[in-house]
Amino acid sequence: MAKIVAGVATSHVPAIGAALDTQRSSEPYWAPVFKGYERSKKWIAELKPDVVILVYNDHASAFSLELIPTFALGCAAEFEPADEGWGPRPVPTVLGHPELAWHMAQSLILDEFDMTIVNDMDVDHGLTVPLSLMFGQPTAWPVKVIPLAVNVVQYPPPTGNRCYNLGKAIRKAVESFDQDLKVVIFGTGGMSHQLQGPRAGLINKDFDTRFLDRLVTDPVGLSRLPHVEYLREAGSEGVEMVMWLIMRGAVDNQVQEVHRFYHVPASNTAVGHIILENKGAA
Ligand SMILES: [Fe+2]
């Protein structure tokens, strides 16, 4: 049986990928960011998951205003790094797990979640930056990856409650797959940031800290947070944090917080990161 053993949440700031790709990660501005992930890289190298379900949002790379799926599940065998305007990131091709992805599509759709099945999709920084932060710069990614792209760009994004419940349905789907696979789920995006307008550069450390605390201890309460609260407190792009609730729904109600990291600034945003393990599952 496949099993979700842990959840990881992390920001997916594009400039982090650029810093790595241009060998600037040890510069004074960036070094503290990467230091916060050293422990995470060791943790996941020891855990050796077979599959990562990677919840992220596409930033007008694979999709555009012509087509806006709320939940898009990548069922392909391979996903190429997207060209986001300055060439694709020099990172390995992302290998999928079509058998598990199709099984998830069947289970989730029959569980009344209207997933969009995607067989051809390039993946942008939302997916590749979290892989780089957790796995470094290998010549091939050491895990299979199932992308789950969530619309948080065009209003209305899904509610936190919908995301949390989707996480629970993902867990059920994974646990009914008959291969022995160790699965980790990533929720990405956030933390507080606003990229445009008079409030550009907004950082709300109090909100972010409370969000991290409640993600561990009060996920149900957190899942009821309305969109307007994310926008007001965490900035317009802070709403990406609803994706963390998909991860949270897919792990145990009571989890072990293994690692937490918070840092400001990284390219005008706050970087947040947390690792939650199912007790005794790893
Ligand atoms: Fe993003």
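R214 is partly exposed, because its relative accessible area is 27%. This is a predicted model, so to speak a calculated picture. R214 pairs with D218 in a salt bridge, and their closest N and O atoms are 3.1 Å apart. D218 also counts as partly exposed, at 29% relative accessibility.

Now the rest of the salt bridges. A search of the whole structure turns up nine of them. One joins K172 to D111, again with 3.1 Å between the closest N and O atoms. K172 sits in helix α6, residues 160-175, and D111 sits in the loop between α4 (98-110) and β6 (116-118), so this pair ties together parts that are 61 residues apart in sequence. K172 is partly exposed at 48%, and D111 is partly exposed at 25%.

Where do R232 and E229 lie? Both are in helix α9, residues 227-234, three residues apart, which is about one turn of the helix.

Next, the surface. E78, E80, D83, D120 and D122 form a negative patch there. Of these, E80 lies in the loop between β4 (78-79) and β5 (94-95), and it is partly exposed at 36% relative accessibility.

Last, the overall chain. It has 10 helices and 10 strands. Its radius of gyration is 17 Å, close to the 19 Å that the globule rule gives for 282 residues, so the chain is as compact as a globular protein of that length. Of those 282 residues, 57% count as buried.

Key
Residues numbered from 1 in each chain as written. Predicted model: local features only at pLDDT ≥ 70, side-chain atom pairs only at ≥ 80, totals over all residues. Heavy atoms only, no water. Patch = residues over 30% accessible without salt bridge, like charges linked within 9 Å, V, L, I, M, F, W, Y side chains within 5 Å. Areas by Shrake-Rupley, 256 points an atom, 1.4 Å probe, with all protein chains shown as cover. Salt bridge = Lys/Arg side-chain N within 4 Å of Asp/Glu carboxyl O. Lys, Arg positive; Asp, Glu negative; His and termini not counted. Charge placed at Lys NZ, Arg CZ, Asp CG, Glu CD. Helix = DSSP H or I, 4+ residues; strand = E, 2+ residues; numbered from the N terminus. Buried < 20%, exposed > 50% of the residue type's maximum accessible area, 1.4 Å probe, protein only. Rg over C-alpha atoms; globule rule 2.2 N^0.38 Å.
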